[in-house]
Amino acid sequence: FGALLLTMTRGAWLALVAGVVALSLLVRGRRMAWIGIALVVSLVGVAFVNFHVQKGRSIPELLHGGLDRDAGTRVVLWDIAWHLFKEHPVLGIGMGDFTIDANAMLAGRQVTTTVDTHNVYLQVLATRGILGFVPFVYYWVVLFMWLFRLRRRMGKGSRGYHVATGAIATAVAVLVGGLTELNIDDAEVWFAFMFVTGLAFSYMQDVMAGAGDASPDTPEPSV
């Protein structure tokens with residue numbers, strides 16, 4: 001947790017908060033509520049220090065001085081990606097062409113990179129169009145449906161129940177993190193996510209066989 005705070009990556013902080021909030025809502029426990037409050041307070045404190053020392057400017061100066069360079073880059077890239085999608089709504093521009101098209105559409109605007117859109121949803125829309133975005137959304141809808149089904153069928157308090165709950169919260173964090181980063185293209189993020197969801201789906205065979213309604217005292221299957 002401390003290492004994540006010290007990355008000074010605001011998108012990662014936002015994803016972490018979203019995941020903890022989702023977990024708190026799913027568990028509905030007093031302990032998780034306090035953990036969520038402590039997390040938010042910690043992030044606000046770190047963000048305050050980060051913004052306060054950034055380029056030696058104070059908080060009011062930052063608020064009235066416009067976006068920092070990283071945030072400004074994202075706004076420009078999001079604008080370019082949306083225009084590319086509107087120009088190529090069906091198939092997009094192609095998965096390997098964003099940098100070329102983005103550089104051509106900068107029109108003098110300053111950015112730190114044009115390697116991707118820094119937004120999963122705009123990246124899919126711009127490079128794959130509607131035909132690529134529909135199966136992308138379908139994947140996440142089906143994933144959540146199966147994870148909630150698994151959680152419902154497993155005995156409350158069982159290992160499978162908690163693993164499914166954690167997988168749902170992890171999926172929420174990944175989706176929220178995708179608002180500011182193309183995180184699904186980061187191998188370390190995707191491998192960690194697939195490990196958690198794969199662990200949850202290791203219980204799916206018991207659900208399909210009707211063995212997932214066991215009480216918490218029922219012996220767990222080996223994973």
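Okay, housekeeping. Residues are numbered from 1 along each chain as its sequence is written, and side-chain values use heavy atoms, with hydrogens and water left out. Since the model is predicted, local features need pLDDT of at least 70 and side-chain atom pairs count only at pLDDT 80 or more, while totals for chains, interfaces and linings use all residues.

Let's start inside. A nonpolar core here is a set of buried Ala, Val, Leu, Ile, Met, Phe, Trp, Tyr and Cys residues joined through side-chain atoms within 4.5 Å. Buried means under 20% relative accessible area, exposed is over 50%, and partly exposed is in between, with a 1.4 Å probe and protein chains only. The largest nonpolar core has 23 residues, and Trp140, Phe144, Leu147, Leu150, Phe193 and Ala200 have the most contacts inside it. Helices α7, α8 (159-177) and α9 (187-201) each supply at least two residues of this core. Helices, by the way, are DSSP runs of H or I, at least four residues, numbered from the N terminus. Apart from that core lies another one of 12 residues, including Leu77, Ala81, Ala102 and Ala126.

What does Trp140 touch, leaving out residues up to four places away in sequence? Its contacts are Ala171, Val174, Leu175, Trp190 and Phe193, where contact means heavy atoms within 4.5 Å.

Now the rings. A pair of aromatic rings is described by the distance of the centres and the angle of the planes. Rings of Phe, Tyr and Trp (its six-membered ring) pair if their centres lie within 6.5 Å; planes under 30 degrees apart are stacked, over 60 edge-to-face, and the rest tilted. The structure holds 8 aromatic pairs. Take Tyr121 and Phe136: centres 6.1 Å apart and planes at 70 degrees, so that pair is edge-to-face. Trp190 and Phe193 have centres 5.1 Å apart and planes at 40 degrees, so they count as tilted. Those two both sit in helix α9, 3 residues apart, about one turn of the helix. Phe193 is buried at 2% relative accessibility, while Trp190 is partly exposed at 24%. Ring pairs link Tyr121, Phe133, Phe136, Tyr139, Trp140, Trp190 and Phe193 into a cluster.

On to charges. How many salt bridges does a search of the whole structure find? It finds 2, counting a side-chain nitrogen of Lys or Arg within 4 Å of a carboxyl oxygen of Asp or Glu. In one, Arg74 pairs with Glu181, with the closest N and O atoms 2.3 Å apart. Arg74 is in helix α5 (residues 69-87) and Glu181 is in the loop between α8 and α9, 107 residues apart, so this pair links distant parts of the chain. Arg74 is buried at 16%, and Glu181 is partly exposed at 25%. There is also a salt bridge from Arg109 to Asp79, with closest N and O atoms 3.0 Å apart.

Keep an eye on His118, in the loop between α6 and α7. His118 is buried at 11%, and its contacts include Arg74 and Glu181. Its phi is near 60 degrees, a positive value in a residue other than glycine.

Last stop, the outside: Leu131, in helix α7 (residues 120-153), is exposed at 55%.
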